[in-house]
Amino acid sequence: MKLMKQLLAMATIAFATAAQAAPAVEAPDVLVKRISQDVIETAKNDKAIQAGDIKRVTELVESKILPYVDFQRMTALAAGRFWRDATPDQQKQLSSEFRTLLIYTYSGALSQIKNETVEFKPLRADPADTEVEVRSQVNVARGEPVPLNYRVAKTATGWKIYDINVLGAWLVETYKSSFASEISKGGIDGLIKTLQAKNKALASRPAAKAK
């Protein structure tokens with residue numbers, strides 16, 4: 001679980017550095033590679049992140065990650081068919097709570113990044129494609145390389161990540177079953193309350209210990 005959280009953090013935080021200097025048009029794999037290398041170095045050298053400072057991680061996510069991650073689409077996919085039945089306000093609350101949950105998860109994982117490196121595979125896509133899968137592997141100090149892939153979609157504001165595959169499991173699918181279970185018991189509001197309770201519990205713990 002610790003390695004899973006670490007890899008998820010590395011994957012999504014790959015979009016977390018300033019992109020103002022980036023070219024107006026940039027291939028999705030080039031974008032992910034450039035930014036991920038910068039962020040891994042930042043995580044290694046930032047003392048606050050290494051200490052699991054949730055405030056530092058939250059600031060990083062809010063200012064740098066959100067422009068590159070489609071949290072609403074991730075939430076909609078995780079909620080599945082139930083998303084269409086939710087009101088706009090419920091959708092907004094659910095997306096917000098899911099985002100907060102992921103932030104807490106990443107805050108603990110970021111402090112564990114030490115000597116990992118990421119190697120990207122050649123992009124298998126047509127130039128006209130609007131959705132692609134960027135494939136990579138994480139090289140760890142001990143053990144075999146770990147496959148780490150991204151689903152990225154081209155939007156009006158650029159490429160955005162909406163799903164991550166770690167060790168053969170897609171993030172959206174991982175949450176989909178638990179979301180469905182909570183919805184079956186208490187509806188969308190029940191799922192929102194469950195996530196709120198989880199986030200409240202995580203907020204009371206040291207960030208590095210959040211699970």
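The model is a predicted one, with local features needing pLDDT of at least 70, side-chain atom pairs counting only at pLDDT 80 or more, and totals for chains, interfaces and linings using all residues. Residues are numbered from 1 along each chain as its sequence is written, and side-chain values use heavy atoms, with hydrogens and water left out.

First, the overall layout. The protein chain has seven helices and five strands, taken as DSSP runs (H or I, at least four residues, for helices; E, at least two, for strands) and numbered from the N terminus. In order from that terminus, the elements go α-α-α-α-α-α-β-β-β-β-β-α. Of the 211 residues, 47% count as buried, that is, under 20% relative accessible area with a 1.4 Å probe and protein chains only (exposed is over 50%, partly exposed in between). Contact means heavy atoms within 4.5 Å; among contacts between residues at least 6 apart in sequence, 58% join residues at least 24 apart.

Now for the helix packing. Helix α5 (residues 71-79) meets α7 at an angle of about 50°, and the two axes lie 7 Å apart. Axes are lines fitted to C-alpha atoms, for helices over the stretch in contact, with angles running from 0 to 180 degrees between N-to-C directions. The pair α5 and α7 is therefore oblique. On the α5 side the contact uses M74, L77, A78 and A79, while α7 brings in L171, V172, Y175, K176 and F179. Buried residues of α5 are F71, M74, T75, A76, A78 and A79. F71 itself has a relative accessible area of 8%, and its C-alpha is 6.9 Å from that of Y162, 91 residues away in sequence.

Aromatic rings come next. Rings of Phe, Tyr and Trp (its six-membered ring) pair if their centres lie within 6.5 Å, and planes under 30 degrees apart count as stacked, over 60 as edge-to-face and the rest as tilted. That rule gives four aromatic pairs. In one of them, F98 and F179 have ring centres 5.3 Å apart and planes at 70°, so this pair is edge-to-face. It ties together distant parts of the chain, with F98 in helix α6 (residues 88-110) and F179 in helix α7 (residues 171-203), 81 residues apart. F98 is buried at 1% relative accessible area, and F179 is buried at 2%. Together with Y175, F98 and F179 make up one aromatic cluster.

Further along α7 sits N199, buried at 5% relative accessibility. Leaving out residues up to four places away in sequence, N199 touches E97, T100, L101 and Y104. From N199 to E97 the C-alpha distance is 7.5 Å, across 102 residues of chain.

R73 is over the face of Y162, 3.8 Å from the ring centre, and the charged end of R151 is over the ring of W170, 3.8 Å from its centre.

Lastly, the backbone. Most residues other than glycine have a negative phi. L167, in the loop between β4 (158-166) and β5 (169-170), has a positive phi near 55°.

Note on methods. Lys NZ or Arg CZ within 6 Å of the ring centre and 35° of its normal. Parallel < 35°, antiparallel > 145°, perpendicular 65-115°, else oblique.
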